[in-house]
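Subject: Structure handover

Hello,

Here is the structure I promised you. Please open it next to this email and follow along.

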Amino acid sequence: MKVGLYFGTYNPIHIGHMAIANYLVTHSDIDQLWFVISPQSPFKTKKKLLDNYQRQEMVERAIENDDRFRSSSIEFNLPIPSYTIDTLTYLHERHPKHDFYLIMGADNLLHIDKWKNYELILENYNLLVYPRPGIDESQLKKHPHIHFIQAPVMEISSSFIRKAIAEGKDIRHFLPTKTWEYIDEMSFYK
């Protein structure tokens, strides 16, 4: 099976994440997309980060009953901060018959040379790269394992959502319905 790995803190997951995920499972070779919920990125602070299982609950509510998607808490039991190469190695050992594709925005690809063992990632895994606002893809180094996809450009971020909620704005249409209901019920980000 070809599995796309879409890493993120998903704090919270929003319609931008879902639109990109849906595009990938319908317009690429992957059979299934796993939302890999990261406890903490080495490039981000843990400030304002909801509990791992609360973020996983939001992802599970967003993908409910859609078997093209799966939530993965695999990084919850790995050392923090989470390094993509360690997670990829662990997943490959657990699922040797799967082909894993790393999904990322063009903004992350710009800085992949700062990632732990990035050469091994580029050598052993295919990267599906979606466009990000303001990033000129022509500047990015061409590599046989880097594949640019023409997914819709989404100018929405989890930080925008958190800020809007804190300011009392109605942003329910920026989130999957069940995720919004959970955030509202739990009074997250207020």
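First, a definition: a residue is buried under 20% relative accessible area, exposed over 50%, and partly exposed in between, with a 1.4 Å probe and protein chains only. This is a predicted model, in which local features need pLDDT of at least 70 and side-chain atom pairs count only at pLDDT 80 or more, while totals for chains, interfaces and linings use all residues. Residues are numbered from 1 along each chain as its sequence is written, and side-chain values use heavy atoms, leaving out hydrogens and water.

**Salt bridges**

A salt bridge is a side-chain nitrogen of Lys or Arg within 4 Å of a carboxyl oxygen of Asp or Glu. The structure has eight of them.

- Aspartate 184 and lysine 190 meet at 4.0 Å, N to O. Lysine 190 is exposed, because its relative accessibility is 65%. Aspartate 184 is partly exposed at 39%.
- Glutamate 167 pairs with lysine 163 at 2.9 Å, N to O. Lysine 163 is exposed at 52%, whereas glutamate 167 is partly exposed at 44%.
- Arginine 61 bridges to glutamate 57, with the closest N and O atoms 2.8 Å apart. Both lie in helix α2, four residues apart, about one turn of the helix. Helices (H or I, at least four residues) and strands (E, at least two) are DSSP runs, numbered from the N terminus. Arginine 61 is partly exposed at 24%, and glutamate 57 is partly exposed at 26%.

**The cores**

Now go inside. In soluble globular proteins, nonpolar side chains tend to be buried together. A nonpolar core here is a set of buried Ala, Val, Leu, Ile, Met, Phe, Trp, Tyr and Cys residues joined through side-chain atoms within 4.5 Å. The largest one has 38 residues, and Tyr6, Leu33 and Phe35 have the most contacts inside it. Seven elements each supply at least two of its residues: α1 (15–27), β2 (32–37), α2 (52–63), β4 (99–105), β5 (126–130), α6 and α7. Helix α1 gives the most, with six residues. A second, separate core has 22 residues, including Leu5, Phe7, Leu122 and Tyr125.

Look at phenylalanine 35. Contact means heavy atoms within 4.5 Å. Leaving aside neighbours within four places in sequence, phenylalanine 35 touches several residues, among them Tyr6, His17, Val59 and Phe69. Which residues does histidine 17 contact, on the same terms? They are Tyr6, Tyr10, Pro12, Phe35 and Ser158. Histidine 17 lies in helix α1. Histidine 17 counts as buried because its relative accessibility is 13%.

**Aromatic pairs**

Rings of Phe, Tyr and Trp (its six-membered ring) pair if their centres lie within 6.5 Å; planes under 30 degrees apart are stacked, over 60 edge-to-face, and the rest tilted. A search of the whole structure finds ten pairs. Tryptophan 34 and phenylalanine 100 have ring centres 5.7 Å apart and planes at 65°, so the pair is edge-to-face. Tryptophan 34 is in strand β2 and phenylalanine 100 in strand β4, 66 residues apart, so this pair links distant parts of the chain. Tryptophan 34 is buried at 1%, and phenylalanine 100 is buried at 5%. Phenylalanine 188 and tyrosine 189 are also edge-to-face, with centres 6.2 Å apart and planes at 65°. Ring pairs also link Tyr6, Tyr10, Phe35, Phe69 and Tyr130 into a cluster.

**Backbone**

Most residues other than glycine have a negative phi, and most peptide bonds are trans. Some places here depart from that.

- Asparagine 11 and proline 12 are joined by a cis peptide bond, with omega about 5°. Proline 12 sits in the loop between β1 (2–8) and α1.
- Isoleucine 80 to proline 81 is cis, with omega near 5°. Proline 81 lies in the loop between β3 (69–72) and α3 (84–94).
- Asparagine 117 is not a glycine, yet its phi is positive, about 50°. Asparagine 117 is in the loop between α4 (106–109) and α5 (118–124).
- Serine 187 has a positive phi near 55° and lies in the segment after α7.

Best wishes
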